[in-house]
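Dear colleague,

I am passing on the structure that we spoke about, and below it you will find notes on what turned up in it. Please read them with the model open beside you.

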Amino acid sequence: MKISIIGTGYVGLVSGVGFASKGHDVTCIDIVEEKVDKINRGEPPIYEEGLEELLKDVVSNDRLRATKDTEEAIKETELTFICVGTPSKQDGSVDLSSVEKAVQDMVQPLKEKDEYHVFCVKSTVVPGTTEEKVLPILDRSGKKVGEDFGLGMNPEFLREGIALEDFLNPDRIVLGGWDEKTLEILSKAYEKFEVPKLKTDIKTAEMIKYTSNALLATKISFANEISRICESIGIDVYEVMDGVGLDDRLKRDFLNAGAGFGGSCFPKDVKALVNYAKEKDQETKLLNSVLSINEEQPVHIINRLEYVSEGVKGKKIAFLGLAFKGGTDDVRETRAFPMITRLLELGADVIAYDPEASENFNELLPGKVQYANSREDALEDADICIIQNDWDEFKNLTPKDFGHMKGNIIVDARRVLNREEFTDDFIYIGVGM
Ligand code: UDX
């Protein structure tokens, strides 16, 4: 099939490369010339594991190319995925300006095109958006949905860092379509994926995306709430969740207590759903709690440290892990931000280290934090160490790795260490125990 994809962020580019690797002919569209040039040279403008190799492969086999020319790309393909960003506005609602702009550019080629074309939204949008916001723009072409063109919604469930793997081996594919014809064409694009495919109407597909992310975020806040109860009675929430997760009905995944959820999706999507429900006069007591637990959790961890260390004023704190999770340089909604902000308020002296995210983090708190070039440098003479995320290099560190610290307090906010090894010589504060 000839597929065009508008937006070459991690969703668009990963989907493009994934479709091309399954034998489709893909054209990626972006307004930024530099990104287009890079992609055409086989260099991904973002980092995702395995992406560079596969991009080089599909570019050199001429199965994928990038362009700035939306009109040409629409005319020459039969299916277009809209993969532009949908950030949050100040009030938590979804900012649709990039989607609207992208769709406006499709009106003219649709008008001039004789063949049937399917437009499919992949960007995360609240229920009703595709039919109430995207369709009216396409209608300006004078063409008729269901006759001249099809309309669909196909949510993505890609995790940053392993997005390509998630695209190529999904648990399920959700296809929302205006009519049978749209669904047939969308199914053809995913023909080579042997996984359950759920066909729904467009609004349901939009809602499935929000509901999935809201439930995953709920599992995390639930684990964090239970973790505080476990802390108060001196048992380990990880062991509790291992027991819980053995029940087939209660999957163990996403029940890991930590500093809360960050990233570009969970906080934004839960807020957007809350906001959307409000517009529909519906209460969201559970989701409000999910968000407030997530806000409290980083502060709770610092309060616990303060109690154990009898204050942090003037103490040197080695803060390991600034990205919202290991394996990325992304600092959007990272829990490191509220934690470090609180530490600075309390007068601590923070020296931070992250394998990739220091530069991005410095933009959030310009000049407020010192950065170390290595884990070892950060730990040198530190009174306290806090581990915030789960980078591989933080996993399974041994007491020897902390040998150059002056103090002996370690806060394991993501439970990456083997706690038993630290019981003798360290004061080990593990989340949820
Ligand atoms: C998420 C969804 O998983 C993905 O399906 C969606 O399309 C985009 O959002 P991502 O934001 O990349 O993906 O990261 P994910 O691995 O899901 O983690 C999100 C946050 O939750 C991170 O801050 C992580 O540290 C935290 N988390 C995750 C926990 O605190 N505990 C867990 O058990 C799992």
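**A nonpolar surface patch**

Ile229, Ile233, Ile235 and Val240 make up a nonpolar patch on the surface, and together they have about 340 Å² of accessible area. Accessible areas come from the Shrake-Rupley method with a 1.4 Å probe, and for residues only the protein chains shown count as cover. Patches are made of residues with over 30% relative accessible area and no salt bridge, where like charges are joined within 9 Å and nonpolar side chains (Val, Leu, Ile, Met, Phe, Trp, Tyr) within 5 Å; a salt bridge is a side-chain nitrogen of Lys or Arg within 4 Å of a carboxyl oxygen of Asp or Glu. Val240 belongs to helix H10 (residues 237-245), and with a relative accessible area of 31% Val240 is partly exposed (buried means under 20%, exposed over 50%, and partly exposed in between). Helices are DSSP runs of H or I with at least four residues, numbered from the N terminus.

**How the model was treated**

This is a predicted model, in which local features need pLDDT of at least 70 and side-chain atom pairs count only at pLDDT 80 or more, while totals for chains, interfaces and linings use all residues. Residues are numbered from 1 along each chain as its sequence is written, and side-chain values use heavy atoms, with hydrogens and water left out.

**Around the ligand**

Among the 19 residues around the ligand, those that come nearest are Glu160, Asn256, Gly262, Cys265 and Phe324 (a residue is near a molecule if one of its heavy atoms lies within 4 Å of it). Helix H9 (residues 202-233) gives the largest share of this shell, three residues. An oxygen atom of the ligand lies 3.2 Å from an N or O atom in the side chain of Lys209, and for the side chain of Arg414 the corresponding distance from a ligand oxygen atom to an N or O atom is 3.4 Å. Of the 670 Å² of accessible area that the ligand has on its own, the protein covers 94%.

**Two residues with positive phi**

Phe254, a residue other than glycine, has a positive phi near 60 degrees; Phe254 sits in the loop between H10 and helix H11 (266-279), and is partly exposed at a relative accessible area of 28%. Asp281 is not a glycine either, yet its phi is positive, at about 60 degrees. Asp281 lies in the loop between H11 and helix H12 (285-309), and is exposed, with a relative accessible area of 70%.

With best wishes

Methods
Buried < 20%, exposed > 50% of the residue type's maximum accessible area, 1.4 Å probe, protein only. Polar contact = N/O pair within 3.5 Å; in protein donor to acceptor, adjacent residues only side chain to side chain.
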